[in-house]
Amino acid sequence: MELKSENRAFGGTQRVYTHDSDACGGPMTFGLFLPAEAQDGPVPVLWFLAGLTCTHENAMTKAGAQAWAAEAGIALVFPDTSPRAADAADDDAFDLGKGAGFYVNATQDPWAPHFRMWDYVADELPAALAQFPVDMERQAITGHSMGGHGALTLAMRNPGRFASVSAFAPIAHPTQSDWGRKQFIAYLGEDEAAWAAHDSTLLMRQGGFDGPVLIDQGSDDQFLDKLMPEALAEAMAGARQDGAFRMQKGYDHSYFFIASFIEDHVDFHAEALFA
(Lines give C-alpha, C1' and ligand atoms only; values in the text may rest on other atoms or scores of the structure.)
Protein backbone atom coordinates (compact mmCIF):
# COMPACT_ATOMS: atom_id res chain seq x y z
CA MET A 1 0.00 0.00 0.00
CA GLU A 2 1.68 3.20 -1.18
CA LEU A 3 0.42 6.64 -0.15
CA LYS A 4 0.40 8.84 -3.27
CA SER A 5 -1.09 12.05 -1.84
CA GLU A 6 -2.63 13.48 1.32
CA ASN A 7 -4.63 16.68 1.68
CA ARG A 8 -6.34 18.24 4.66
CA ALA A 9 -10.07 18.59 3.97
CA PHE A 10 -12.95 19.65 6.21
CA GLY A 11 -11.09 18.68 9.37
CA GLY A 12 -10.22 15.26 7.98
CA THR A 13 -7.83 13.94 5.35
CA GLN A 14 -8.25 13.02 1.70
CA ARG A 15 -5.68 10.43 0.71
CA VAL A 16 -4.90 8.51 -2.46
CA TYR A 17 -3.30 5.07 -2.34
CA THR A 18 -1.92 2.64 -4.91
CA HIS A 19 -1.66 -1.08 -4.23
CA ASP A 20 -1.08 -4.33 -6.11
CA SER A 21 -4.30 -6.11 -7.02
CA ASP A 22 -4.50 -9.85 -7.57
CA ALA A 23 -8.02 -9.50 -8.97
CA CYS A 24 -7.02 -6.95 -11.60
CA GLY A 25 -3.50 -8.25 -12.22
CA GLY A 26 -1.63 -5.03 -11.56
CA PRO A 27 -1.58 -1.76 -9.62
CA MET A 28 -4.87 -0.14 -8.64
CA THR A 29 -5.51 3.30 -7.17
CA PHE A 30 -8.26 4.45 -4.81
CA GLY A 31 -9.16 7.53 -2.80
CA LEU A 32 -9.96 7.42 0.91
CA PHE A 33 -11.42 10.31 2.89
CA LEU A 34 -11.23 9.97 6.66
CA PRO A 35 -13.18 12.43 8.83
CA ALA A 36 -11.74 13.82 12.06
CA GLU A 37 -13.59 11.15 14.07
CA ALA A 38 -11.36 8.47 12.55
CA GLN A 39 -8.56 9.65 14.84
CA ASP A 40 -10.54 8.22 17.76
CA GLY A 41 -11.64 4.92 16.23
CA PRO A 42 -13.30 3.22 13.25
CA VAL A 43 -16.01 5.17 11.42
CA PRO A 44 -18.73 4.01 9.01
CA VAL A 45 -17.83 3.94 5.32
CA LEU A 46 -19.66 5.07 2.18
CA TRP A 47 -18.47 3.77 -1.18
CA PHE A 48 -18.73 5.91 -4.32
CA LEU A 49 -18.49 4.00 -7.61
CA ALA A 50 -17.79 6.21 -10.62
CA GLY A 51 -19.01 5.96 -14.19
CA LEU A 52 -17.69 5.44 -17.71
CA THR A 53 -14.32 7.07 -18.55
CA CYS A 54 -13.77 7.96 -14.88
CA THR A 55 -10.99 7.06 -12.46
CA HIS A 56 -10.96 7.26 -8.66
CA GLU A 57 -10.38 11.00 -9.03
CA ASN A 58 -13.57 12.26 -10.70
CA ALA A 59 -15.99 11.89 -7.80
CA MET A 60 -13.24 12.60 -5.29
CA THR A 61 -12.63 16.08 -6.74
CA LYS A 62 -16.02 16.98 -8.30
CA ALA A 63 -18.85 15.52 -6.22
CA GLY A 64 -18.29 17.63 -3.10
CA ALA A 65 -19.02 14.68 -0.83
CA GLN A 66 -16.24 15.30 1.69
CA ALA A 67 -17.90 18.31 3.34
CA TRP A 68 -21.05 16.37 4.13
CA ALA A 69 -19.20 13.16 5.06
CA ALA A 70 -17.07 15.16 7.50
CA GLU A 71 -20.20 16.63 9.06
CA ALA A 72 -21.69 13.15 9.44
CA GLY A 73 -18.45 11.45 10.58
CA ILE A 74 -18.35 9.02 7.64
CA ALA A 75 -15.38 7.76 5.60
CA LEU A 76 -15.54 7.80 1.78
CA VAL A 77 -13.94 5.26 -0.56
CA PHE A 78 -13.44 6.12 -4.24
CA PRO A 79 -12.30 3.04 -6.23
CA ASP A 80 -11.13 3.14 -9.84
CA THR A 81 -13.50 1.92 -12.56
CA SER A 82 -11.29 -0.64 -14.32
CA PRO A 83 -7.90 -2.34 -14.28
CA ARG A 84 -5.00 -0.09 -15.30
CA ALA A 85 -2.14 -2.58 -15.77
CA ALA A 86 0.00 -1.81 -18.80
CA ASP A 87 -0.77 -5.22 -20.30
CA ALA A 88 -4.52 -5.07 -19.63
CA ALA A 89 -6.69 -5.22 -22.74
CA ASP A 90 -8.23 -2.00 -24.03
CA ASP A 91 -10.46 -0.69 -26.80
CA ASP A 92 -10.62 2.54 -28.78
CA ALA A 93 -14.25 3.07 -27.73
CA PHE A 94 -14.82 5.08 -24.55
CA ASP A 95 -17.40 2.59 -23.27
CA LEU A 96 -15.30 -0.57 -23.40
CA GLY A 97 -11.96 -1.47 -21.84
CA LYS A 98 -10.05 0.83 -19.51
CA GLY A 99 -12.41 3.18 -17.73
CA ALA A 100 -15.33 0.86 -18.47
CA GLY A 101 -15.01 -2.19 -16.23
CA PHE A 102 -18.79 -2.33 -15.58
CA TYR A 103 -18.17 -3.95 -12.18
CA VAL A 104 -18.25 -7.50 -13.55
CA ASN A 105 -15.79 -10.39 -13.69
CA ALA A 106 -14.98 -10.89 -17.37
CA THR A 107 -14.99 -14.47 -18.61
CA GLN A 108 -14.07 -13.78 -22.25
CA ASP A 109 -10.73 -13.07 -23.91
CA PRO A 110 -8.95 -10.71 -24.05
CA TRP A 111 -10.64 -9.23 -20.96
CA ALA A 112 -10.66 -12.15 -18.52
CA PRO A 113 -7.08 -11.88 -17.19
CA HIS A 114 -7.56 -8.37 -15.72
CA PHE A 115 -11.18 -7.25 -15.86
CA ARG A 116 -12.38 -8.63 -12.52
CA MET A 117 -13.85 -5.49 -11.02
CA TRP A 118 -16.58 -7.37 -9.18
CA ASP A 119 -14.01 -9.30 -7.16
CA TYR A 120 -11.95 -6.16 -6.67
CA VAL A 121 -14.77 -4.01 -5.27
CA ALA A 122 -16.71 -6.78 -3.50
CA ASP A 123 -13.79 -8.61 -1.87
CA GLU A 124 -10.23 -7.42 -2.45
CA LEU A 125 -10.49 -3.71 -1.72
CA PRO A 126 -12.70 -4.21 1.37
CA ALA A 127 -10.07 -6.58 2.75
CA ALA A 128 -7.35 -4.01 2.04
CA LEU A 129 -9.29 -1.38 4.00
CA ALA A 130 -8.96 -3.42 7.19
CA GLN A 131 -5.72 -1.56 8.00
CA PHE A 132 -7.56 1.77 8.17
CA PRO A 133 -9.92 3.09 10.88
CA VAL A 134 -13.11 2.19 9.02
CA ASP A 135 -15.91 0.06 10.43
CA MET A 136 -16.64 -2.59 7.82
CA GLU A 137 -19.70 -3.66 9.81
CA ARG A 138 -21.28 -0.34 8.84
CA GLN A 139 -21.12 0.16 5.07
CA ALA A 140 -23.26 1.98 2.53
CA ILE A 141 -22.79 2.41 -1.21
CA THR A 142 -23.62 4.88 -3.96
CA GLY A 143 -22.51 5.54 -7.53
CA HIS A 144 -23.09 7.40 -10.77
CA SER A 145 -24.17 5.99 -14.15
CA MET A 146 -22.08 2.81 -14.64
CA GLY A 147 -21.17 3.19 -10.97
CA GLY A 148 -24.84 3.46 -10.03
CA HIS A 149 -25.36 0.16 -11.83
CA GLY A 150 -22.46 -1.29 -9.84
CA ALA A 151 -23.69 0.06 -6.51
CA LEU A 152 -27.20 -1.32 -6.97
CA THR A 153 -26.09 -4.76 -8.11
CA LEU A 154 -23.47 -5.10 -5.38
CA ALA A 155 -26.00 -4.08 -2.74
CA MET A 156 -28.74 -6.44 -3.90
CA ARG A 157 -26.42 -9.41 -4.40
CA ASN A 158 -24.73 -9.02 -1.00
CA PRO A 159 -27.65 -8.95 1.45
CA GLY A 160 -26.74 -7.70 4.89
CA ARG A 161 -23.51 -6.01 3.81
CA PHE A 162 -24.77 -2.49 3.07
CA ALA A 163 -27.12 -0.53 5.31
CA SER A 164 -28.35 1.54 2.35
CA VAL A 165 -27.80 2.08 -1.37
CA SER A 166 -28.28 5.08 -3.62
CA ALA A 167 -27.49 6.02 -7.20
CA PHE A 168 -27.26 9.02 -9.49
CA ALA A 169 -28.57 8.32 -13.00
CA PRO A 170 -27.74 4.60 -12.89
CA ILE A 171 -27.57 2.37 -15.95
CA ALA A 172 -30.75 0.76 -14.75
CA HIS A 173 -31.53 -2.03 -17.23
CA PRO A 174 -28.26 -2.96 -18.99
CA THR A 175 -29.46 -6.27 -20.40
CA GLN A 176 -31.80 -4.25 -22.63
CA SER A 177 -29.62 -1.18 -23.25
CA ASP A 178 -26.81 -0.19 -25.59
CA TRP A 179 -24.91 0.57 -22.38
CA GLY A 180 -24.87 -2.99 -21.16
CA ARG A 181 -25.47 -5.36 -24.03
CA LYS A 182 -22.28 -4.30 -25.82
CA GLN A 183 -20.18 -4.68 -22.68
CA PHE A 184 -21.85 -7.88 -21.47
CA ILE A 185 -21.26 -9.57 -24.83
CA ALA A 186 -17.61 -8.53 -24.72
CA TYR A 187 -16.95 -9.36 -21.07
CA LEU A 188 -19.40 -12.18 -20.33
CA GLY A 189 -20.19 -13.75 -23.71
CA GLU A 190 -23.34 -14.28 -25.74
CA ASP A 191 -25.30 -16.22 -23.09
CA GLU A 192 -27.77 -13.65 -21.78
CA ALA A 193 -28.52 -15.78 -18.74
CA ALA A 194 -25.09 -14.78 -17.41
CA TRP A 195 -26.03 -11.11 -17.65
CA ALA A 196 -29.05 -11.15 -15.35
CA ALA A 197 -27.01 -10.98 -12.14
CA HIS A 198 -25.72 -7.59 -13.26
CA ASP A 199 -29.04 -5.90 -14.05
CA SER A 200 -30.53 -3.87 -11.18
CA THR A 201 -34.01 -3.85 -12.69
CA LEU A 202 -34.07 -7.65 -12.88
CA LEU A 203 -32.63 -7.97 -9.37
CA MET A 204 -35.23 -5.52 -8.05
CA ARG A 205 -38.00 -7.59 -9.65
CA GLN A 206 -36.60 -10.69 -7.93
CA GLY A 207 -36.89 -9.21 -4.45
CA GLY A 208 -35.06 -5.91 -4.25
CA PHE A 209 -32.78 -4.65 -1.51
CA ASP A 210 -33.03 -5.37 2.22
CA GLY A 211 -32.74 -1.70 3.18
CA PRO A 212 -33.60 1.79 1.91
CA VAL A 213 -32.90 2.90 -1.67
CA LEU A 214 -32.56 6.42 -3.08
CA ILE A 215 -32.36 7.08 -6.83
CA ASP A 216 -31.91 10.54 -8.38
CA GLN A 217 -32.30 10.96 -12.14
CA GLY A 218 -32.07 14.20 -14.13
CA SER A 219 -34.99 14.85 -16.49
CA ASP A 220 -32.63 16.45 -19.06
CA ASP A 221 -30.07 13.66 -18.94
CA GLN A 222 -28.65 13.27 -22.45
CA PHE A 223 -28.37 9.49 -21.98
CA LEU A 224 -31.90 8.68 -20.82
CA ASP A 225 -32.46 6.19 -23.63
CA LYS A 226 -29.41 4.20 -22.50
CA LEU A 227 -30.09 4.48 -18.76
CA MET A 228 -33.74 3.29 -18.92
CA PRO A 229 -34.70 4.72 -15.49
CA GLU A 230 -38.39 4.00 -16.02
CA ALA A 231 -37.69 0.25 -15.88
CA LEU A 232 -36.07 0.53 -12.45
CA ALA A 233 -38.78 2.86 -11.14
CA GLU A 234 -41.45 0.38 -12.20
CA ALA A 235 -39.51 -2.52 -10.65
CA MET A 236 -39.15 -0.63 -7.35
CA ALA A 237 -42.89 -0.01 -7.25
CA GLY A 238 -43.61 -3.64 -8.09
CA ALA A 239 -41.27 -4.86 -5.35
CA ARG A 240 -42.72 -2.34 -2.87
CA GLN A 241 -39.12 -1.33 -2.27
CA ASP A 242 -38.39 0.84 0.76
CA GLY A 243 -37.03 4.03 -0.78
CA ALA A 244 -37.56 6.77 -3.34
CA PHE A 245 -37.06 7.37 -7.05
CA ARG A 246 -36.77 11.11 -7.76
CA MET A 247 -36.84 12.73 -11.20
CA GLN A 248 -34.95 16.01 -10.89
CA LYS A 249 -36.31 18.54 -13.39
CA GLY A 250 -33.76 20.18 -15.70
CA TYR A 251 -30.67 18.28 -14.53
CA ASP A 252 -28.32 16.43 -16.89
CA HIS A 253 -25.77 13.63 -16.47
CA SER A 254 -22.89 15.76 -15.22
CA TYR A 255 -21.15 16.17 -11.87
CA PHE A 256 -23.07 19.44 -11.47
CA PHE A 257 -26.11 17.19 -11.02
CA ILE A 258 -24.30 14.98 -8.52
CA ALA A 259 -22.93 17.93 -6.53
CA SER A 260 -26.44 19.41 -6.34
CA PHE A 261 -27.84 16.38 -4.52
CA ILE A 262 -24.84 14.75 -2.82
CA GLU A 263 -25.80 16.27 0.55
CA ASP A 264 -29.15 14.47 0.36
CA HIS A 265 -27.40 11.19 -0.40
CA VAL A 266 -24.84 11.47 2.40
CA ASP A 267 -27.60 12.37 4.87
CA PHE A 268 -29.66 9.42 3.59
CA HIS A 269 -26.77 7.02 4.19
CA ALA A 270 -25.85 8.56 7.54
CA GLU A 271 -29.36 7.91 8.81
CA ALA A 272 -29.02 4.22 7.91
CA LEU A 273 -25.44 3.86 9.10
CA PHE A 274 -26.09 5.37 12.53
CA ALA A 275 -29.49 3.74 13.06
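Me: What makes the link between β2 and β3 a hairpin with a residue of positive phi?
Reply: In this predicted model, the hairpin of β2 and β3 has four residues between the strands, and G25 takes a positive phi near 65° there. The two strands run antiparallel and are joined by nine bridges, and since pairing is called when at least two bridges are found, β2 and β3 count as paired. Within this pair, Q14 stands opposite F33 in β3.

Me: How do you know that β1 and β2 pair, and in which sense?
Reply: Strand β1 (residues 2-9) and β2 share seven bridges in the antiparallel sense, which meets the requirement of at least two. E2 stands opposite T18 in β2, and in the hairpin of β1 and β2, which has two residues between the strands, F10 takes a positive phi near 50°.

Me: Why is strand β2 called largely enclosed?
Reply: A residue is buried when its relative accessible area is under 20%; eight of the ten residues of β2 (residues 12-21) are buried, so the strand is largely enclosed by the rest of the structure.

Me: How do you know that the buried residues of helix α8 lie on the same side?
Reply: The buried residues of α8 (residues 229-238) are P229, A231, L232, A235 and M236. They cover an arc of only 160° around the axis, which puts them on the same side of α8. On the other side, E230, E234, A237 and G238 are exposed, the cut-off for that word being over 50%.

Me: What covers the buried residues of α8?
Reply: The covering elements include α4 (146-157), α6 (200-205), β8 (213-218), α7 (224-227) and β9 (243-248).

Conventions:
Residues are numbered from 1 along each chain as its sequence is written. This is a predicted model: local features need pLDDT of at least 70, side-chain atom pairs count only at pLDDT 80 or more; totals for chains, interfaces and linings use all residues. Side-chain values use heavy atoms; hydrogens and water are left out. Buried means under 20% relative accessible area, exposed over 50%, partly exposed in between (1.4 Å probe, protein chains only). The arc is that of the directions from the helix axis to the C-beta atoms. Contact means heavy atoms within 4.5 Å.
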